[in-house]
Amino acid sequence: MKYISTRGQTPPHTFSEAMAVGLPPDGGLFLPETLPDLGSHLARFSALSYPELCSEFLSIFATDIPKETLRSLVAQSYRRFTDPAVAPLRRLSDRLQVLELFHGPTLAFKDFALQVLGNLYSYQCQVRKETINVLGATSGDTGAAAIHGLLGHPGTAVFILYPDGRVSPLQERQMACTGAGNVFALAVDGSFDDAQSALKEIFSDSSFRIAHRLSAVNSINLVRVLAQCVYYLSAWLRLPADQKETAEFVVPTGNFGNVLAGWLLQKMGVPIHGFKIATNQNDILYRLFTTGTYQIGPVHPSLAPSMDIQVASNFERFLYYQLGRDPAKVRSAMAAFKATGTCVFPNFDRDTFTASRCDDGEIAGIIERVYRDHRYIVDPHTACGFKDLSADRPSVVLATASPAKFPETIKSAIGIEPTDPSLEALKSRPIVKVRLKAAPGPIRDFIAAHAVR
């Protein structure tokens, strides 16, 4: 299978090439040239374990990697997950289930893709006999998951940009307390959007990217999105038969990558009814799907910091399909957005998406209500998913992080302070971070000085 750019000015790539590059040189995002139809595979998939399902699914896309090799890499990726089901479904009521995505090594949904991506990177380093330098930007959880996906892998260095003072204390400790010599936690001024903008500009510098064998680890890397498709598939296969075609997946999201994975799976022939985009007070996606206008606003730090985003990068992939797979139209729309900060779609097709918005003043109340009604504790991001649940159909809310990562917010809401041994161990370790301006120049200089050769 080949992979093309949403902007159409980069030649098709293999799976491994698209993974290694992360971003096409033309500034777009990779997508499969065609989407497969999974309809004929669903009965066979239903009998597989999570690692087996992931391996079978990815083998459809990673056609340049031997199937046995891929199977081994995927199996290795899920050995550190603490629940036997990997992504368990928890039933709260007849019409409400929670898909728990926080049983990986960093207690957040990003582990599902980044454990796989880390092992794939390591494999590519062995095959090509080359080193790799991974650059990512995070609003909270991606950085830790990327770091822990690559810890212990030779020939790699990891550079993670995050907005200084705008992630939770434990999220920062997961990035800055590893003690690993090949991990660099780079605290930048400004917001996540500032960090991600600098990252994209660095990747657009082809000579720098090639010279330092730079690869992207954010969900702008298509492999991240494909690996996340699997937990939707796993959950859908385990739904009661009478809910399979009526249930709505409710997805807390800021960068649109998490919910895009489910939507792409739907386009591959899995009959998922629809998706609700659950935003916090940084609500660019809510405004898009309720008004048809995609417009940047100020970023307001919130109790759900991983969604403190106003430029949802993966929207470009959705836009590609919305604009009839016409790269010229995508280039025009994204150029207008870059110039004005606004895209208006008079006849915007919301497809099977709905959206909700939850501000900080509502989060504590939702956490308290969910605990009161179901004796279930949700983190602040997952709490946003419980806002305005449908009364007409079953809901599957994605629990994107462990409540133990946000103990202050949980304790304030219900008087209980959740803990996790892996997080408690971090509290005695020194924080090692580097403060930089959120600008390509200083970041590029730091990478050049510390990249693995």
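A residue is called buried if it has under 20% relative accessible area (1.4 Å probe, protein chains only). Helices (H or I, at least four residues) and strands (E, at least two) are DSSP runs, numbered from the N terminus. This is a predicted model, where local features need pLDDT of at least 70 and side-chain atom pairs pLDDT 80 or more, while totals for chains, interfaces and linings use all residues. Residues are numbered from 1 along each chain as its sequence is written, and side-chain values use heavy atoms, leaving out hydrogens and water.

**Stop 1: helix H8.** Select residues 192-204, which form H8. Its buried residues include Phe-192, Leu-199, Ile-202 and Phe-203.

Stop 2: Next up is an open sheet of six strands with mixed pairing, in the order E3-E4-E14-E9-E10-E13. Strands E3 (89-93) and E13 (353-357) are at the edges with a single partner strand each, so one side of each has no neighbour in the sheet. Strands count as paired if DSSP finds at least two bridges between them. Zoom in on E4 (residues 96-100) and E14 (residues 395-399), which pair in the parallel sense over five bridges. Which residue in E14 does Leu-99 stand opposite? Leu-398.

**Stop 3: two helices.** Finish with H13 (residues 315-322) and H14 (residues 327-340), whose axes come within 9 Å and cross at roughly 135°. Axes here are lines fitted to C-alpha atoms, for helices over the stretch in contact, with angles from 0 to 180 degrees between N-to-C directions.

Methods: Expected span 1.5 Å × (residues − 1). Buried < 20%, exposed > 50% of the residue type's maximum accessible area, 1.4 Å probe, protein only.
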